[in-house]
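Keep the structure open beside you as you read.

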Amino acid sequence: MMKKLIFLFFVGAIFIFSGCQARLTKGVTPKRDAEKISPQKVILGIENFLNNYKSLVKGKRVALLTNPSGVDSRLKSTADILFEDKTINLTALFGPEHGIRGAIYAGEHVKDEIDPHTGLPVFSLYGAHKKPTKKMLENVDVILVDIQDIGLRGYTYIYTMALVMEAAAESGKQVIVLDRPNPIDGIRIEGNLVEKGFESFVGLYPIPYRHGMTIGELARYFNQEFDIHCDLQVVPMVGWTRDMLWDQTGLLWVPTSPHVPHWKTILYMGATGTIGELRTISEGVGYTSPFELVGAPWIDGYDFARELNALNLPGVIFRPLYFKPYYASYKGEVCQGVQLHITNPHTFNSYQTGLYILQTLLKLYPQHDPFKFENRVSMFQKIIGCNWIIEDLKAGHSVSEIALKWQAELEQFKMKREKYLMY
């Protein structure tokens with residue numbers, strides 16, 4: 001009898017506990033559901049175009065400048081969307097650096113081809129021509145631009161767009177830019193402007209290294225400030241605000257090029273991308289963390305990290321590490337160095353952080369000249385837009401002294417860009 005009572009007691013307890021759990025968890029989202037993608041907050045230019053601006057291309061022959069980053073919020077390719085839309089006459093595609101499908105290594109020339117998915121001609125603007133020829137535009141009335149910029153001056157897509165605008169102005173064609181977010185916000189602006197004599201395809205115009213504008217705003221700025229004067233229209237986004245980082249947009253990230261796998265990579269690139277151009281130091285390209293690392297076989301990672309952390313730079317901590325690149329600089333060699341860990345993307349000053357890294361290398365390892373390869377120094381100067389920064393670093397000037405020299409031109413740029421901002 002006692003055993004039976006004990007058994008009934010336990011059964012009742014289990015029943016009561018189960019009921020309490022059911023009441024406690026009623027309406028609570030299971031963890032796997034809570035981890036679903038956040039709802040879209042930003043309506044992209046391509047989506048706004050399809051909903052409200054398609055009349056702009058009615059009866060016209062349309063070309064599209066794009067690459068894999070040109071997608072809608074559901075990750076469908078803009079090229080496929082326009083091709084499948086029977087009300088739009090898509091006649092040609094234009095591809096920038098890395099190609100229309102994004103598979104080509106940085107700096108490699110890209111050939112013209114036939115797109116296997118649409119059967120349309122793809123004209124490369126990073127090969128024999130960087131600017132569309134009249135022949136390329138023969139069967140075109142309007143050029144749509146849908147490509148994700150990263151907010152840094154050295155990325156070539158914005159200059160491909162500018163040259164498309166030039167060609168359009170010369171041939172009487174219209175350009176429509178479908179706007180997209182600046183993934184590292186539209187507020188923070190950093191660095192010096194490109195000086196005369198240092199213009200290149202990684203810095204065609206005098207804008208700061210981190211410009212704080214969307215690709216549509218840049219198109220408006222280029223069109224007026226640099227006398228392109230093409231027939232330009234920018235289809236705006238809806239819901240984007242200047243303070244947004246990419247992870248606040250509700251949008252999924254598509255790699256804009258092979259070494260930008262995540263949106264946050266851009267912040268690291270702003271610090272180390274210039275250094276990597278020297279080829280005397282690995283910036284992590286060729287390893288699993290592109291642009292997050294700075295190292296070489298002759299660096300002591302612990303000393304390096306100690307010196308950099310002693311600077312108390314905003315928004316970043318440096319961790320010593322060992323790594324062996326699979327390709328690129330120091331392929332197959334064991335390197336020591338640091339990994340950058342961004343603790344606050346809103347206060348992290350990427351461009352100046354890169355200069356502080358160079359300053360520290362020169363201080364700790366004077367016997368290892370990071371500027372020893374003349375051809376790479378030339379590329380570095382194009383990326384940073386001048387030669388005086390190298391000279392100042394070599395002369396022992398502090399980064400804070402160097403930064404003071406570009407403040408006046410930076411303030412002028414900020415005032416000038418105001419009338420081109422859309423958000």
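Look for serine 124 in strand S4, which spans residues 121-124; helices (H or I, at least four residues) and strands (E, at least two) are DSSP runs, numbered from the N terminus. The model is predicted, so local features need pLDDT of at least 70 and side-chain atom pairs count only at pLDDT 80 or more, while totals for chains, interfaces and linings use all residues. Residues are numbered from 1 along each chain as its sequence is written, and side-chain values use heavy atoms, with hydrogens and water left out.

Is serine 124 buried or exposed? Its relative accessibility is 4%, so serine 124 counts as buried (buried means under 20% relative accessible area, exposed over 50%, partly exposed in between, with a 1.4 Å probe and protein chains only). Leaving aside residues up to four places away in sequence, serine 124 touches Gly95, Val110, Lys111, Asp112, His129 and Met136, where contact means heavy atoms within 4.5 Å. The side chain of serine 124 also reaches the backbone nitrogen of tyrosine 126, at 3.1 Å.

Now move along to helix H10 (374-384). Here Arg376, Val377, Phe380, Gln381, Ile383 and Ile384 are buried. Why do they lie on the same side of H10? They cover an arc of only 160° around the axis, and this puts them on that one side; the arc is that of the directions from the helix axis to the C-beta atoms. An α-helix has 3.6 residues a turn, so residues three or four places apart point the same way. On the face turned away from the buried side of H10 you will find the exposed residues Glu374 and Asn375. The cover over the buried residues of H10 includes strand S7 (190-193), strand S8 (208-210), H7, H9 and helix H11 (388-394). After H10 comes glycine 385, with a positive phi near 80°.

A cavity is a set of points, on a 1 Å grid over the protein atoms alone, where a 1.4 Å probe fits but cannot get out, and lining residues have an atom within 4 Å of a point. H9 gives the largest share of this lining, five residues. The structure holds two cavities of 30 Å³ or more, a volume being the space filled by probe spheres set on the points, which are joined across faces, edges and corners.

Terms used: On a 1 Å grid over the protein atoms alone, a cavity is a set of points where a 1.4 Å probe fits but cannot get out, and a pocket is an open set with protein on both sides within 12 Å along at least five of seven lines; lining residues have an atom within 4 Å of a point. A polar contact is a pair of N or O atoms within 3.5 Å; within protein, one must be able to donate a hydrogen and the other to accept it, and residues adjacent in sequence count only if both atoms are side-chain atoms.
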